Amino acid sequence: MDKIKLRQICFLFAAMMPLTKLIVYPAMLAYHAKNDLLFSASANFLLEGTVIAAVMFLASRTRLTFYDLLQNTFGTIAAKIVYGAFALFFLFSALLPLLEQKGFVLQVFYENVPSFLSFAPFFAVCVFACVKGFKGIGRAADIALPVTAVSLAVILLLAFPEAEFSELLPVGGAGVKNIFTGSLYGLNWFTDCLYPLFFLGHFEYEKHAAKKVLLSYAAGAAAVLLFLAVFYGIFGDIALRQINALAQISKYTTSFTSLGRIDLLFIFAAALPLVFYLCVPVQMCVHCVKKVFEKCNPIIPAAIANAMLLTAGVFLKYSFFEVQILFTQKLWWVFAFFAYAAPFLCLFLRRKESGRFEGVKRDE
Amino acid sequence: MNKFWTRIFLIAAAILLLLFFSNDFGLINIQQTTVVTAIGIDRSEEEGKIDVSAQIAMPEGKKASSVLVQGAETVGEAIAEFNAKTGWYPTLVHCKLVLIGAEATGEDVFSSLDYFLRSEFVEDSCLVAVCEKTAAETLQADSPIGELTSTAIAKVLSSQAQKTGQVSVCNLRDFAKGYFSVSESGFLPLVSIKKEAEEASSGKDSSQSGSDSQSGGSSSQSGGGGQGSSDVFDASQTVLFYRGKRTETLDADETLAFNLADTDTDLAYGDVSVYENGNKVTYNLKIKIGKKAQKLKIEDGVPVFTFQIRAKAQITDADRSADIVEIAKTAIVPERVLRAAEEKFKAELDGIMEKTRSSGCDLFRMKQKLYRSRPKDFETYKDGLLTNARVLYDIRFDTLR
Amino acid sequence: MDKEQAKNESGKKLSKSLKKNIKAIKDILTAQDILVYEFQTQDGVGCAAIYADGITDKELLGQLAAKPLSLSPAPKTAEEAERLLLFPESKQAEDVDTAVAEILAGNPALLIDTIEKALILGTKKVALRAISEPQTAITVKGPREGFIEDVKTNMSLIRKRLKTPSLQFETEEAGRKSKTAVCIAYLEGIADAEAVEEVKRRIRAVDIDGVPDSSYIAKFLAKKPYSLFKQVGTTEKPDILCAKMLEGRIGILCDGSPIALTLPYMLSEDFQSSQDYFVSPYRATVSRILRWLAVLIALFLPAFYVAAQLFKLQILPFGLLLTVSGGIKDLALSPSLEMLFLLIILEILVEASVRMPKYVALALSVIGALVLGDTAVKAGLVSSSAIIIVALSGISAYTVPDLTGTLSVMRIAYLIAAGSIGTYGIVLLTALILYYLITSDSYGTPLLAPFSPLIKKDLRDSVFKTDIYALNTRPAVFRPKNKTRLKVKNRPENEGAEETKQG
């Protein structure tokens with residue numbers, strides 16, 4: 001059975017989740033919520049944290065997988081339909097981060113006339129990752145932790161002297177409506193809470209598991225909030241121009257040194273966990289498809305999912321902002337339903353274990 | 001490894017090798033690139049157009065070259081023209097300096113500077129300065145120690161220079177932040193060229209005077225070399241901007257006072273004169289800023305802006321002879337000198353405030369402070385804030401005991 | 001009778017007739033080095049010792065077998081003959097097959113007329129080199145003994161260090177023609193029993209004509225034989241093998257090879273050196289960090305150098321950029337081809353220097369250093385900065401000798417990724433390799449442990465090394481039954497405090 005460790009779920013939230021919110025999200029927040037971007041982000045984190053808490057509560061009550069719970073409650077066909085819907089959702093939710101990261105890569109990793117060809121090999125890596133299942137996600141999280149910790153710490157340390165935190169004043173100056181808009185339009189970046197639902201039954205629930213996961217999530221959230229504060233402290237009114245925030249904040253300290261842009265090495269290092277995390281929704285999609293078509297070789301859905309994303313990437317090469325507006329401003333309810341409402345609804349699924357479901361065995 | 005993965009591996013390897021060996025997918029490598037180290041923007045003779053000059057770093061051992069594009073609509077167009085004229089692709093990632101010619105500052109400089117904010121391949125960490133003459137002329141000046149002009153100017157505008165208070169340094173980000181803020185104001189150092197003594201022409205590198213073949217008809221070589229003289233750069237004056245246009249200029253003493261009151265300067269040297277026994281004596285003081293703060297309050301409906309500065313001073317020199325005991329106690333500053341220093345500081349700040357009032361340049365970001373501390377009162381007071389605000393000075397200089 | 005027929009008949013029992021028995025064996029062993037020494041007992045009964053020339057101690061055979069027999073009446077049974085000869089190592093063989101195998105192993109078969117068994121005499125004498133320090137694992141401090149090509153000697157070197165009844169040696173045979181003895185060494189109760197069984201199963205399943213070296217066995221033990229990465233650890237030193245066995249690994253000794261194999265294998269063990277355990281933990285930690293850093297330099301430096309020139313000039317500091325652009329200005333090759341050219345030259349130099357006779361080493365060094373280095377720069381073929389990059393990368397790879405081969409291939413792969421895809425290609429290739437490594441296991445042990453999966457306790461002997469008292473348990477990754485290595489309770493109390501007082 002596809003296994004993941006509780007520790008690895010914690011690392012997923014503490015190390016991989018924060019980085020994905022440090023590319024376009026800060027500029028988007030600065031556009032909507034201005035100097036109150038921390039409130040918008042905090043609201044999203046609280047909401048997502050609540051969903052994670054609910055899923056962990058569910059994990060403490062059952063050793064069944066999400067699929068088993070659906071099967072218990074609605075039967076096999078309904079479970080397959082739900083998993084199919086989630087497979088589509090995961091694929092859908094992967095699109096914007098993909099375009100976001102493509103933009104990040106083409107700007108930060110290249111100088112002269114970059115082409116989509118430079119990003120395309122990502123899909124080959126993603127196909128390989130999808131075949132590896134949850135074990136791949138978990139162990140990648142183990143690797144991601146030190147890489148993220150070091151690179152993010154260095155980037156923040158380099159950026160810190162440039163930050164003027166009075167830029168965050170006046171508190172509430174942007175107005176409740178703008179803060180709310182920032183939160184609402186940021187929902188696309190907060191679908192991580194769905195992953196623990198699919199990890200149900202694939203990890204061993206141990207004592208204080210919920211506390212550990214929530215604390216890790218809080219650590220990741222704190223890192224993002226600190227980054228946002230430094231980011232706005234550095235850019236103030238021009239923050240909304242600073243897409244690819246991760247690559248922007250540390251350059252002022254290094255530009256005029258004899259070593260030059262040494263921070264780029266840490267930005268490149270941070271791209272590694274970003275690659276890992278960009279694969280996660282596609283891996284989840286493949287996991288769902290595998291459940292729907294039980295005897296399906298994972299390579300087939302992995303190849304199809306990546307081919308679809310590659311095609312979308314090619315066609316939407318120049319349309320990131322249109323896609324962003326579509327996803328964040330028009331289709332936010334899709335994210336709200338799948339990432340927030342659905343996990344809460346799962347609390348009402350029948351948890352009674354039938355004899356055929358065995359307890360979770362140890363991984364590794 | 002099963003057959004499937006073997007095939008995938010072989011296909012991937014073949015594609016990569018094809019890419020590797022062809023290396024021709026719009027790729028512009030180091031051999032086809034010119035490294036632009038500075039950009040100069042001047043007003044063109046043609047109405048509404050600009051002249052853009054670029055300093056290009058040449059490989060080791062050779063002097064820089066300058067390329068000039070005249071009569072461009074935008075900076076972007078000029079950069080594209082560099083490429084067309086020279087056949088080299090200009091890369092701006094190492095562009096550390098943007099110079100604006102004096103005449104170009106009469107209009108909103110952001111009509112040209114926004115190129116650097118829009119472009120993804122230009123860093124907004126570059127320094128920005130105004131030239132006393134034209135930017136092109138400044139970029140052609142010859143550094144006395146033979147380094148790139150842009151490097152020499154960047155040294156004058158370095159953070160070390162800022163720390164000693166001689167220069168008010170500003171990078172593009174900070175200038176843009178001020179421009180787009182509620183204050184709509186900013187400042188830039190004014191770079192002027194001062195001729196040094198004639199140099200022996202035999203020591204000159206002949207390569208610098210050679211005509212630059214890459215720059216086409218509009219090119220000009222690194223300046224000054226042929227004349228046998230070298231230049232030094234001065235940036236002790238500061239230009240104030242409001243809504244992107246030049247409004248006022250702070251002289252060297254005002255620049256120092258501004259730096260001591262507002263920027264990162266925490267250690268500076270300044271002269272103060274006192275009368276001793278009927279004679280004017282000038283002391284050179286080393287000033288170490290302990291605390292600097294600006295507060296904006298509304299008292300009885302009147303905005304009150306207070307400078308609070310605490311500093312320690314030491315005598316480093318005086319223009320009169322002193323006895324050995326006085327020299328031994330040189331660190332200790334007499335009370336009258338301290339008070340005189342405070343007064344001088346106040347007078348300079350007063351002068352700056354007067355210039356900000358007359359120009360509308362919110363140099364001390366009073367509007368931002370008002371917006372941040374009293375957002376509800378912002379609309380009420382913002383328009384007359386600079387002119388109506390009462391300015392108080394809480395300045396105290398102390399000596400080492 | 002041709003050889004095939006002889007082979008078919010070889011499974012048959014020995015007869016009472018000496019002549020028939022000699023013929024049966026000689027029909028199989030037709031080679032000229034198989035000699036038959038015929039003699040008679042005191043009462044005239046015929047005897048013959050069949051042996052392989054060169055690997056049998058003829059003097060011992062004459063003194064302890066031929067002489068006593070020729071001075072005594074003929075024994076009636078094989079047991080009686082054994083008692084008469086008093087050989088410390090002897091056994092009986094009932095069939096031709098066994099006798100043939102023993103003769104080939106260097107143990108002569110003594111045949112006596114009227115006895116339908118052969119007496120196998122342990123007089124094997126193989127020319128062995130002396131135990132010496134292996135060239136690939138030289139230490140400044142620490143034991144200098146290395147394994148040799150004889151499996152029995154190697155077993156004795158292990159037994160000498162691990163005087164415990166739990167040390168087990170299980171010998172299997174591999175190679176249809178070479179009949180190579182492959183010995184599995186492990187500590188019962190410490191090594192994972194499932195892994196031991198799996199190793200045995202895999203060795204038994206080997207069906208190859210010959211096993212010239214342990215590296216052949218390593219290929220059969222590897223679960224992913226096509227992998228670029230090592231699947232089996234190797235060592236030439238008994239002290240290292242014993243230390244690894246004490247951690248819970250299994251050792252595999254192969255007759256004819258001085259290289260012992262160890263399983264399960266983790267990538268991090270190649271970064272450990274035996275010397276790390278003989279010096280202070282601080283020094284060991286610094287050394288290990290340097291090794292990791294060197295591997296990163298070996299892998300990434302050429303790739304980043306090329307990516308910087310082709311795709312991201314900003315990586316290079318301004319001063320360096322001017323130097324580099326000055327160096328490559330008139331080069332005919334693009335930066336990526338220049339680097340590939342130099343890396344290929346480096347590999348050729350390495351290959352040549354390993355294989356060339358020592359007396360041409362100086363000449364080759366001159367050619368390598370001067371002609372290919374200085375002259376190539378002057379000729380405008382390569383730039384001096386590229387030479388420095390390649391040299392640094394090449395030297396760095398040798399800080400971890402066991403990974404040099406892998407690093408060489410990966411370095412070229414990274415260069416191709418950097419030259420074709422660019423800076424992001426380096427990141428993607430790293431991600432791909434990491435995905436591969438983190439999902440690869442060696443006999444139940446993750447290849448990238450203790451980093452992924454993260455095993456906190458085992459980190460104490462990974463990139464950094466703690467003091468001996470902190471290494472009180474065996475690595476958890478091997479799931480040993482007996483976890484305790486060192487009993488900390490025996491440590492004198494307040495040891496540190498006493499030192500302070502004395503100081």
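Biologist: Which domains is chain B divided into?
Modeller: Happy to start there, and bear in mind that this is a predicted model. Chain B is split into two stretches, and they are domain 1 (30-242) and domain 2 (251-399).

Biologist: How many residues does the contact take from each domain of chain B?
Modeller: Residues count as in contact here if their C-beta atoms lie within 7 Å. On that basis, domain 1 of chain B gives 17 residues, and domain 2 of chain B gives 23 residues.

Biologist: Which element gives the most to the side of domain 1 of chain B that touches domain 2 of chain B?
Modeller: Three elements of chain B give two or more residues to that side: α6 (159-163), β7 (185-198) and β9 (229-242). By class, this side of domain 1 has five nonpolar, 11 polar and one charged residues. The most, six residues, comes from β9(B).

Biologist: Is helix α5 of chain B mostly covered or uncovered?
Modeller: A residue is buried if 20 or more other C-beta atoms lie within 10 Å of its own. In α5(B), the buried residues are T149(B), S150(B), T151(B), A152(B), I153(B), A154(B) and V156(B). With seven of its eight residues buried, helix α5 (residues 149-156) of chain B is mostly covered.

Biologist: Now to the two chains. Where does the largest share of the side of chain B that touches chain A come from?
Modeller: The contact takes 21 residues from chain B and 19 residues from chain A. On the chain B side, β4 (89-91), α7 (172-180) and α11 (366-373) each give two or more residues. The classes on this side are 11 nonpolar, four polar and six charged residues. The largest share, four residues, comes from α7(B).

Methods
Residues numbered from 1 in each chain as written. Chains lettered and ligands numbered in written order. Predicted model: local features only at pLDDT ≥ 70, side-chain atom pairs only at ≥ 80, totals over all residues. Domains from an automatic or database assignment. Contact = placed C-beta atoms within 7 Å. Nonpolar A, V, L, I, M, F, W, Y, C, P; charged D, E, K, R; others polar. Buried ≥ 20, exposed ≤ 12 C-beta atoms within 10 Å, placed from the backbone.
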